[in-house]
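Hi,

Here is the structure I promised to pass on. Have it open while you read, and my notes on what turned up follow right below.

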Amino acid sequence: MVPGRLLLLIVTTVHYASGAFVGINIGTDVSNMPSAPDVVAILKANQITHVRLYDADAHMLKALADSGIEVMVGVTNEEILGIGESASKAAAWINQNVAAYLPSTNITAIAVGSEVLTTIPNVVPVLVPAMNYLHKALVASNLNFQVKVSTPQAMDVIPRPFPPSTATFNSSWDSTIYQILQFLKNTNSYYMLNAYPYFGYTSGNGIFPLDYALFRSLPPVKQIVDPNTLSHYDSMFDAMVDAAYYSINALNMSGIPIVVTETGWPWLGGANEPDATADNAKTFNNNMIQRVRNDSGPPSQPNFPINTYIYEMFNEDKRPGPVSEKNWGLFFINGSSVYTFSLGTSSRVTGNNSDFCIAKPNADPGKLQVGLNWACGQGGANCSVIQEGQPCYLPNTYQNHASYAYNDYYQRMHAAGATCDFDGTATTTTVNPSYGSCKFSGSSTITTNSTAGFTPSVAPGPVTPQGGSGTTNLQVLRIQFVISSMFLALVLL
């Protein structure tokens, strides 16, 4: 799905042995995607226990072996047609993408497609047959008790989700949805729901307050109440999940739990996307995880905890569409988190409370080069470690090199009144940008949240203002530090 300001994020999740979990989606429309072992290293370092893959990538499935992480693999939308028309193709898919990796890789679910009803209606007639064929193949391999089959659907299949008590599925899909629900009931599986309060809020034209979408408390006069049941909804997230439960009940089905396979909030948007901010994303994800981990369901189903997957691990900068579509990620590709995140019941916090000065992700490369030159020259920053062959050379980007130089200057000069601006290309963050053997100044007195030895395995090009990668490699600046002590003294004044 779906850099000036850079606070960003972080994510993660601890799974209770008997309670609800929060996992993470891993999309791959990413420039310079980290290697599969590096991705797994980030997951482990941040105690993430559940992941959803949008396909069945062999490299990821091998890297996840013996990690203990529970894995949901995906049948792509393009694969559904063939599988839905051929039991033998379904069996081959199970053998190649599931049975071949068990038990080392802990595959527990198969998501058949993504929002099929609303995105590829021509495939809808074979969706349920594909699910049935896959399940029968699991039965033949004696894997049906470990691996569940379902299909993620968007909130769009429920045209009027509020009030939840009157919500129903779009009647044009009743037959297919009923077949899906019957399959889920018969196989003891669960309904997969993609629920985004961000879109519910931004498309609501001010009907609902922002605090309601962000899980913040509302004053009594603004509380959201279903007029038919008098149920109070503390968040749009709960109302969306309950709307799905009521829609299921409207088809005379019950006892099917809901798992939210996608939710989240973009941390950066364009000029016409004022609500896509790092502060809102941080608030949403922190509050959402705390809500999920209280192990309760929505008002109509209080005993059904809402297992949830956050969208998503990395910013998918190659995705088309508005700026917000590219900026839902919890991590940068070097493994550092976008913004601090509290685990709630744990004392562990991803990120820290010290200030670092880093380059903004969407800063103009030309300005970054000017700022980098100044920091390593007149600014007196120690830039030796960003030279080729040194610990902070990779990723070989203006953003990475400028971040190190800016921060080194800032840590040295902050007490003397230096600011973190660099012609608008820099910002402060509490997230420690250190990674691997590259240690940023100011990080020695705190615990880094990053990657427990993860080192970027790629050397991406300069990041463009819209988040894409440049087409040429950054030529490493060979900066000579020839500054007289008298001139440096003047700089310090």
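This is a predicted model: local features need pLDDT of at least 70, side-chain atom pairs count only at pLDDT 80 or more; totals for chains, interfaces and linings use all residues.

V260 has its bridge partner in β11, namely T308. Strands β10 and β11 run in the parallel sense and share two bridges. To get from one to the other, the chain goes from β10 through α11 to β11, a β-α-β crossover that is right-handed.

How many of the six residues of β10 are buried? Six of the six are, so the strand is largely enclosed by the rest of the structure.

Next, the rings. I get 22 aromatic pairs in the structure. One of them is W267 with F332, an edge-to-face pair at 6.4 Å centre to centre, with 85° between the planes. W267 comes from the loop between β10 (258–263) and α11 (278–292), while F332 is in the loop between β11 (308–310) and β12 (341–342), so to speak a link between distant parts of the chain, 65 residues apart. W267 and F332 are both buried.

Now the cysteines. Searching the whole structure gives three disulfides:

- C357 and C420: the sulfur atoms are 2.0 Å apart. The link is right-handed, with 85° about the S-S bond. It joins distant parts of the chain, C357 in strand β14 (residues 356–359) and C420 in the loop between α13 and β15, 63 residues apart. C357 is buried at 0% relative accessibility, and C420 is buried with a relative accessible area of 13%, because the cut-off is under 20%.
- C376 and C383: here the sulfur atoms are 1.9 Å apart. The torsion about the S-S bond is about -90°, so this disulfide is left-handed. C376 and C383 are both buried.
- C392 and C438: the S to S distance is 1.9 Å. A torsion of about 105° about the S-S bond makes this disulfide right-handed. C392 is in the loop between α12 (365–376) and α13, and C438 in the loop between β15 and α14, which puts the partners 46 residues apart in distant parts of the chain. Both cysteines are buried.

Which pairing do you get if you number the bonded cysteines of the chain in sequence order? The pattern comes out as 1-5, 2-3, 4-6.

Cheers

Methods: Residues are numbered from 1 along each chain as its sequence is written. Side-chain values use heavy atoms; hydrogens and water are left out. Rings of Phe, Tyr and Trp (its six-membered ring) pair if their centres lie within 6.5 Å; planes under 30 degrees apart count as stacked, over 60 as edge-to-face and the rest as tilted. Helices (H or I, at least four residues) and strands (E, at least two) are DSSP runs, numbered from the N terminus. Buried means under 20% relative accessible area, exposed over 50%, partly exposed in between (1.4 Å probe, protein chains only). Two strands pair if DSSP finds at least two bridges between them. A crossover is right-handed if, with the strands pointing away from the viewer, the path from the first strand over the helix to the second runs clockwise. A disulfide is a pair of cysteine sulfur atoms within 2.5 Å.
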